[in-house]
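Work through the exercises below with the sequence and the 3D view open. Try each task before reading its solution.

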Amino acid sequence: LAPVFEVGFAKARALSRSPPPGPPQALSRPSLTMNALGDMQKQVMQKSLEETDAKFASSLPWYLKACLPCNGGSAVETLHSFEFAVPADQKDEFQDAYKAYADTKKKLKEM
């Protein structure tokens, strides 16, 4: 009986000497700050997309409004699909806006 007790006692002593586990990596302060900044950046990008979409939704011709569901409800994507409907004096502005919209959407998807 005595040798079994000594072996169990030795194991317990060895376990008690092991260092305590450190804090999980996800709870460290720098990663929390980075997550907060990333979330804020996502919100700003999402708001930018919504504002651009709202701007072009107001100028969307009536005959293209039926096509909004085909492009996920996005007026910018719908106008890009039917670029012939963009007035000639606004084509450059629309192309620049679409390029910025597409880049922002791509960055948001990668995050």
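A salt bridge is a side-chain nitrogen of Lys or Arg within 4 Å of a carboxyl oxygen of Asp or Glu. The structure holds 2 salt bridges. The model is predicted, and every value below is computed from it.

**Exercise 1. The chain as a whole**

Task: State how many helices and strands the chain has, and how much of the chain is buried.

Solution. 
Step 1. The chain has 4 helices and 0 strands. Read from the N terminus, its elements follow the order α-α-α-α.
Step 2. A residue counts as buried under 20% relative accessible area. Of the 111 residues in the chain, 22% are buried.
Step 3. The chain exposes about 8,700 Å², and 62% of that area comes from carbon and sulfur atoms.
Step 4. Take the contacts between residues at least 6 apart in sequence: 37% of them join residues at least 24 apart.

**Exercise 2. The salt bridge of E93**

Task: Find the partner of E93 and explain why the pair ties together separate parts of the chain.

Solution. 
Step 1. The partner is K55, and the closest N and O atoms of the two residues are 2.9 Å apart.
Step 2. Partly exposed means between the buried limit of 20% and the exposed limit of 50%. E93 has a relative accessible area of 40%, so E93 is partly exposed. K55, at 46%, is also partly exposed.

**Exercise 3. The surroundings of E77**

Task: Decide whether E77 is buried or exposed, and list what E77 touches.

Solution. 
Step 1. E77 is in helix 3. Its relative accessible area is 16%, so E77 is buried.
Step 2. Setting aside neighbours within four places in sequence, E77 is in contact with N71, Y98, Y101 and K105.
Step 3. With K105, E77 forms a salt bridge whose closest N and O atoms are 3.7 Å apart. This pair links distant parts of the chain, since E77 is in helix 3 and K105 in helix 4, 28 residues apart.
Step 4. K105 has a relative accessibility of 38% and therefore counts as partly exposed.
Step 5. With Y98, the side chain of E77 makes a polar contact through the Y98 side chain, at 3.4 Å.

**Exercise 4. Aromatic residues**

Task: Say how the rings of F82 and F84 are arranged, and name the residues of the aromatic cluster that includes Y98.

Solution. 
Step 1. The structure holds 4 aromatic pairs. In the pair F82 and F84, the ring centres are 6.0 Å apart and the planes are at 85°, so the pair is edge-to-face. The cut-off for that label is over 60 degrees.
Step 2. F82 is partly exposed, with a relative accessible area of 25%. F84 is exposed, at 63%.
Step 3. Y98 forms one aromatic cluster with F56 and F94.

**Exercise 5. A nonpolar patch**

Task: Which residues make the nonpolar surface patch, and where is F84 placed?

Solution. 
Step 1. W62, Y63 and F84 make the patch, which covers about 460 Å².
Step 2. F84 sits in the loop between helix 3 (75-81) and helix 4 (91-110).

Note on methods: Residues numbered from 1 in each chain as written. Predicted model: local features only at pLDDT ≥ 70, side-chain atom pairs only at ≥ 80, totals over all residues. Heavy atoms only, no water. Patch = residues over 30% accessible without salt bridge, like charges linked within 9 Å, V, L, I, M, F, W, Y side chains within 5 Å. Areas by Shrake-Rupley, 256 points an atom, 1.4 Å probe, with all protein chains shown as cover. Helix = DSSP H or I, 4+ residues; strand = E, 2+ residues; numbered from the N terminus. Buried < 20%, exposed > 50% of the residue type's maximum accessible area, 1.4 Å probe, protein only. Polar contact = N/O pair within 3.5 Å; in protein donor to acceptor, adjacent residues only side chain to side chain. Contact = heavy atoms within 4.5 Å. Phe/Tyr/Trp six-rings, centres within 6.5 Å; stacked < 30°, edge-to-face > 60°.
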